[in-house]
Amino acid sequence: MNNILKLKKITSAWILAILLLFVLAISFGITMRFNQANDIKLSPVTFYSLMTTHGVTMVGIWVVAGMMAVNYLLSRYVKVSNGLNLFAMALTVIGVVMLWLTTFVGHYHTGWTFLYPLPFYTAWEKWATPVFLLSLGVLGIGWFVWSVGMLWQILKRYSLPQAFAWQHFKKGHTVETPPFILITTVTLVGVIACLLTAVLLLILYFAEYFSKGTFTNDALLMKNLTYFFGHTIINEALYLGVATLYELLPEVSGRPKFKMTWYVAVAWNCTLLFVLTAFFHHLYMDFAQPQSFQIIGQVASYFASLPSASVTAFSVIVLIYKNPVKWSLTNLLFVVGVAGWLIGGIGAVIDATISNNFVLHNTLWVPAHFHTYNAMGNVLFSLAFFNWAAKDFQGIASPLRYDKTKIFWLMVGGFGFVLMFYIGGAYSIPRRYAEYPNEFTNAKLLASAGAWFAIIYLWAIIVILFNIVMKCIKMFSVSE
Amino acid sequence: MICLFSKAQVKKYNYSEESRVYQQVADITISTNSDGIKKLSDLYSESPLIIAFVYTRCIGICNPFLAELSQNISLSGTDAKQHYKVLVLSFDTSDRVEDMNKLAARFNFENNKHWIFATTQQADILNKSVGFNPIWDGSRMQFDHEALLVGINQYGYVVKKLTGLRNPDDISLLLRELNGVFVASYQLPGNNSLLSCFTYNPATGERKISLGLLLLIAPFVFSLVIVFIMAIIMNRRLKNTAVPHHYAGT
């Protein structure tokens, strides 16, 4: 079997696995919202086990979705390793199985943040804490090795300054760096940094776990490390999706490819630096953190999101405004995804402003903004790639007839779902409550409405996925 | 390695105020000066409770402790909205209710509805549940003990502990926390707490950046090192190959 065919088959397997987990994880989310609405009755342990599974699974699948997509598209420029791809897939499967065992069999329920010292307050099976931490370790090792492998291949063809597009800072350069290569390089460096942080975090957890009380961690350090890892990796996952947008949107729209410019280069180099310090905005309520770090958190939150988002939005508008565009499901998903990213990004920047955070901290505003730029941003970027890849596997385009209808219902469901979160946040309804007391008068109604909108979103997703899934399944019967 | 590296910043603290916090207090039986025999839950279910541990034969800290507590509560700016009761409880099982009545009279608390004086035969159980460890000194016929205040909320959980003679601000924070007002608090480094982000000098209030904070920078530095090493290795190969002027999409 040739390498390209092998890559297509592995990518098909990734897509099928991700989509299966995605549908299940959405179902968990809908179940939680119905429980908050008091429409169904779950025990608190079941609710928080579902919350933990939902959070970690969603973060995980969209990180690997982005990595798998850039790995596939990287094969246009450099040789990619199918061995590493398979290695990462094997460890991901093992990690997810371990994770789900801890939550569904071991009833582990700290939430995806597993904030110190919660994992040690075992209100679940004793084995679940080390197995949960190990599952993160297994996932992290697979993704770390894969990231380093991809970066290695990029640096085989592009020198380090070229990979970062530094030659575009001045005039008269002879070498052009494709935007896809720049964004992928910047993002992979960030992914490697936050996976190293995860390794450090797990070492500290296990050091305390096995020390039998002779070693205690510092709560502030652990919280900093947790959000360095968690906040950064979900942002990097989004940027991997943006990389696929830069590569595919012009192509599927029948427009010339994006050219590298000095401002695109500056924006994405800034993103590398600022995204790594934006996580400080998660610690505004930790008064033991020095004030200077809090200010860095606010400033970095602005600079991490604004340059990359504005440059991308500008590029997309220039691409489609008053230009003949061949519309398809792929570019519709990309364009709606950019809108979702921007809306969610604005919500994030509002919350990352210290004076606002006093009001919005740990309210439903938080899930509102991150669901917007994930469910209506990054997920759509990945779905766009899946749709394009499924066509690329077999060279058969799907008819456009119902695509606009699918997108319409996806937007109704998705934006309706996040709107219920935003309204809840504006009413200062707290997040992470299994049940809302009667004092929060609107909370149950909003949760119920949110769940029904999520069902519309899920239905639209399943309709969109049908063709993709069928093509991916057929891919396994293709031989040379 | 981590332990050795950070051993230098470990200091010997003994913050017994941290033990048993957020744990359920034992629901013991007490004999009060005002309402006879009661369960502890009868008191804390009515309003948050501050337990002051004393005994009447005490020739050490007990009397100054009560005097200071009385004065500090009045200075703490408590308003009518803050509900509380102070249970002055003898942990000496040889004390009788009459002894406690005399103690109440000495401080003019006989008719104060906020102050209850009581004895118990289940002192050991209560002491264990709140982390109070008096030691009997047979030669002096006295208990060796700390001056301890324990704040119990309306659900019977230990919310806060204060050791020693404390100022009105500390008492005010205790009362506010017992009444459900948010009071900022943070875990203090213990004997085994390594790799702190900051070292804190309680005497001066000075805070210095410490070794733990370096760990935040380490992942980024290591990732750059990995990238630079790969770039150096690859740079040698690139010198001998054609530089791409444009990319060739498939």
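In which helix of chain A is the place of T197(A)? T197(A) sits in helix α6, residues 179–211 of chain A. The model is predicted. In chain B, 39 residues are in contact with 49 residues of chain A.

**Interface of chain A and chain B**

- Between them, chain B and chain A bury about 4,100 Å², and 74% of this area is on carbon and sulfur atoms.
- T197(A) touches a residue of chain B, P219(B).
- T197(A) also touches L225(A), F228(A) and F229(A), when residues up to four places away in sequence are not counted.
- T197(A) has a relative accessible area of 0% and is buried.

**Helices of chain A**

- Helix α1 of chain A covers residues 3–36 and includes G29(A).
- G29(A) has a relative accessible area of 15%, which is under the 20% limit for buried residues, so G29(A) counts as buried.
- From C-alpha to C-alpha, G29(A) and I4(A) are 37 Å apart in space, and they are 25 residues apart in sequence.
- Helix α2 of chain A (residues 44–74) has 31 residues, which should span 45 Å at 1.5 Å a residue. Its end C-alpha atoms are 45 Å apart, in agreement with that value.
- Of the 31 residues of α2(A), 27 are buried, and the helix is mostly covered.
- Helix α4 of chain A (residues 128–157) has 30 residues and should span 44 Å at 1.5 Å a residue. The distance between its end C-alpha atoms is 44 Å, which agrees.
- α4(A) is largely enclosed by the rest of the structure, because 22 of its 30 residues are buried.

**Make-up of chain B**

- Chain B has 250 residues, and 44% of them are buried.
- Its secondary structure consists of 7 helices and 11 strands.
- Chain B is divided into domain 1, residues 16–178, and domain 2, residues 191–237.
- The C-alpha centres of domain 1 and domain 2 of chain B are 46 Å apart.
- Among the contacts in chain B with a separation of 6 or more, 68% are between residues 24 or more positions apart.

**Helix α3 of chain B**

- Helix α3 of chain B (residues 62–75) has 14 residues. From its first C-alpha to its last it reaches 20 Å, close to the 20 Å expected at 1.5 Å a residue.
- Which residues of α3(B) are buried? They are C62(B), F65(B), L66(B), L69(B), N72(B) and I73(B).
- Viewed down the axis of α3(B), these buried residues fall within an arc of 135°, so they line one face of the helix.
- An α-helix has 3.6 residues a turn, so residues three or four places apart point the same way.
- S74(B) and L75(B) are exposed on the other side of α3(B).
- The cover over the buried residues of α3(B) includes the chain B strands β3 (49–54), β4 (85–90), β5 (115–119) and β8 (148–152). It also includes the chain B helices α4 (97–106) and α6 (168–178).

**Salt bridges**

- Over all chains, the structure holds 15 salt bridges.
- Side chains of opposite charge can pair when their charged atoms come close.
- One of the salt bridges joins R76(A) and E247(A), whose closest N and O atoms are 2.7 Å apart.
- R76(A) lies in the loop between α2 and α3 (82–105) of chain A, and E247(A) lies in helix α7 (residues 219–252) of chain A, so the pair ties together parts that are 171 residues apart in sequence.
- R76(A) and E247(A) are both buried.
- A network of salt bridges links R76(A), E247(A), E251(A) and K257(A).
- In chain B, R57(B) and D92(B) form a salt bridge through their side chains, at 2.6 Å from N to O.
- This pair links distant parts of the chain, with R57(B) in the loop between β3 and α3 and D92(B) in the loop between β4 and α4, 35 residues apart.
- R57(B) is partly exposed at 36% relative accessibility, whereas D92(B) is buried at 3% relative accessible area.
- R166(B) and D170(B) also meet in a salt bridge, at 2.9 Å from N to O, and both residues are buried.

Definitions and conventions
Residues are numbered from 1 along each chain as its sequence is written. Chains are lettered from A and ligands numbered from 1 in the order in which they are written. This is a predicted model: local features need pLDDT of at least 70, side-chain atom pairs count only at pLDDT 80 or more; totals for chains, interfaces and linings use all residues. Side-chain values use heavy atoms; hydrogens and water are left out. Helices (H or I, at least four residues) and strands (E, at least two) are DSSP runs, numbered from the N terminus. The expected span of a helix is 1.5 Å times one less than its number of residues. Buried means under 20% relative accessible area, exposed over 50%, partly exposed in between (1.4 Å probe, protein chains only). The arc is that of the directions from the helix axis to the C-beta atoms. Contact means heavy atoms within 4.5 Å. Domain bounds come from an automatic or database domain assignment. Buried area is the accessible area (1.4 Å probe) that two parts lose on being put together, summed over both. A salt bridge is a side-chain nitrogen of Lys or Arg within 4 Å of a carboxyl oxygen of Asp or Glu.
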